[in-house]
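Me: I would like to go through one structure with you, beginning with a strand and then turning to a single side chain. Could we take it step by step?

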Amino acid sequence: MFETLKPQPVDGIMAIAKAYREDPRDTKIDLGVGVYKDATGLTPIMRSVKEAEQLLWEAQNTKVYTGLIGDPAFGDAMIGLVLGDAVPRANIAAAATPGGTGAVRQAFEMVKMARPDARVFVSDPTWPNHISILEYLGMETLRYRYFDDETRGVDFDGMMADLRQAKAGDVVLLHGCCHNPTGANLNTAEWDAVIALLQETGATPMIDIAYQGFGDGLDADAAATRKIAASLPECLIAASCSKNFGIYRERTGILMVVSADTSAQALNQGTLASLNRLNYSFPPDHGARLVTMILQDETLRANWMAELEDVRLGMLKLRETLAGELQRLSGSDRFGFLAQHRGMFSLLGTTPDKVKTLREEHGIYMIGDSRMNIAGLNLETAPLLARAIVDVGV
Ligand code: LMR
């Protein structure tokens with residue numbers, strides 16, 4: 001039967017991770033998949049997570065199923081982290097999911113269930129898996145302009161012009177902070193204009209927030225998401241704990257659906273439970289429980305926030321070091337955007353050929369579209385990257 005299958009396209013991010021692993025050079029630099037690495041190249045377990053794991057090991061006396069939406073305490077803790085008190089709790093439906101990807105997938109499925117003809121507007125570029133999932137689900141996908149190749153900032157006029165085409169019954173997918181892959185983000189006034197446009201067109205926003213705490217701080221990074229949730233009658237929010245808690249393989253995420261009233265909330269909540277049941281029954285619990293413990297305990301939470309802040313400031317320092325070295329070596333300010341971008345990623349904005357040369361001649365692995373994971377650098381490798389970028393003539 002399976003001879004009817006066609007080979008599936010390989011995900012570009014996964015392909016780079018494999019090529020990196022297979023490269024025997026010990027000078028190679030991994031700027032591919034979005035994971036944080038410390039100065040020694042390790043993706044450490046955060047101390048607060050280790051501590052919560054120890055407490056959990058001692059206290060947990062059963063591994064029996066949780067509920068279809070996971071432990072409701074996880075939902076409450078994550079709603080607090082992402083939305084603060086922007087929206088009444090009674091208007092929010094939520095379900096734990098396997099990672100942020102699980103939340104994205106469930107969100108698209110929910111849209112498809114409600115509106116089989118919905119069109120989904122995604123930024124050009126966006127995280128490639130957004131497109132892969134939408135295509136797999138057979139949903140109509142439109143790209144809105146986002147990245148300005150000249151300034152390496154947001155093409156805001158293009159974005160607004162394209163989003164004007166979205167209408168009620170369509171979905172506009174936005175990155176809550178730390179845009180992946182570009183690193184270019186909207187400022188407060190631009191977010192306000194997007195919100196006003198969504199109010200005008202009636203399109204439903206969906207926010208993917210996978211890097212809260214990696215840009216300008218935990219609250220600053222959630223500010224746009226909170227404003228959208230408070231200003232529009234409905235929105236979907238897919239949040240990930242992979243990066244800000246460093247629990248990538250535990251697959252910890254959540255889908256929240258904000259609605260205007262409690263009867264819509266009840267319908268949404270039942271739909272989320274049903275979608276979980278259909279796809280995997282119960283979502284993973286271990287990571288979600290650690291996150292809940294950390295967010296609920298004053299000391300663990302304070303320690304986690306301090307660790308996360310160190311990670312964030314370390315990435316900003318790497319951005320400044322890289323931009324500074326490039327300025328020194330190239331004698332121009334054209335790489336200044338690297339210090340302005342936020343989050344793990346920056347789109348260097350160069351050709352696939354130059355990305356290939358960087359890989360083959362310098363052992364530097366970035367994604368084919370020239371996305372670099374800044375968190376894959378350290379203070380020793382940042383100047384080496386700058387040298388290589390100038391050498392290949394970016
Ligand atoms: C990335 O964009 O590198 C991360 O979100 C990891 C992934 O699953 O692609």
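**A strand and a lysine**

Reply: In this predicted model, Gly 253, Leu 255 and Val 257 point one way from S8, while Ile 254, Met 256 and Val 258 point the other way, and all are buried.

Me: Why do they split into two sets like that?
Reply: Side chains in a regular strand alternate between the two faces of the sheet.

Me: And how many residues of strand S8 are buried?
Reply: Six of the six, residues 253-258, are buried, so the strand is largely enclosed by the rest of the structure.

Me: What about S2, parallel or antiparallel to S8?
Reply: Strand S2, residues 92-97, runs antiparallel to S8, and six bridges join them. Here Ala 94 is opposite Met 256.

Me: Changing topic: where does Lys 37 lie?
Reply: Lys 37 is in the loop that links strand S1 (29-30) and helix H2 (47-59).

Me: Is that lysine buried or exposed?
Reply: Lys 37 counts as buried because its relative accessibility is 15%, and the cut-off for buried is under 20%.

Me: Which side chain does Lys 37 join in a polar contact?
Reply: That of Asp 30, at 2.9 Å.

Me: What else is Lys 37 in contact with, leaving aside neighbours within four places in sequence?
Reply: Besides Asp 30, Lys 37 is in contact with Leu 42, Thr 43 and Ala 375.

Technical notes: Residues numbered from 1 in each chain as written. Predicted model: local features only at pLDDT ≥ 70, side-chain atom pairs only at ≥ 80, totals over all residues. Heavy atoms only, no water. Helix = DSSP H or I, 4+ residues; strand = E, 2+ residues; numbered from the N terminus. Buried < 20%, exposed > 50% of the residue type's maximum accessible area, 1.4 Å probe, protein only. Polar contact = N/O pair within 3.5 Å; in protein donor to acceptor, adjacent residues only side chain to side chain. Contact = heavy atoms within 4.5 Å. Pairing = 2+ DSSP bridges.
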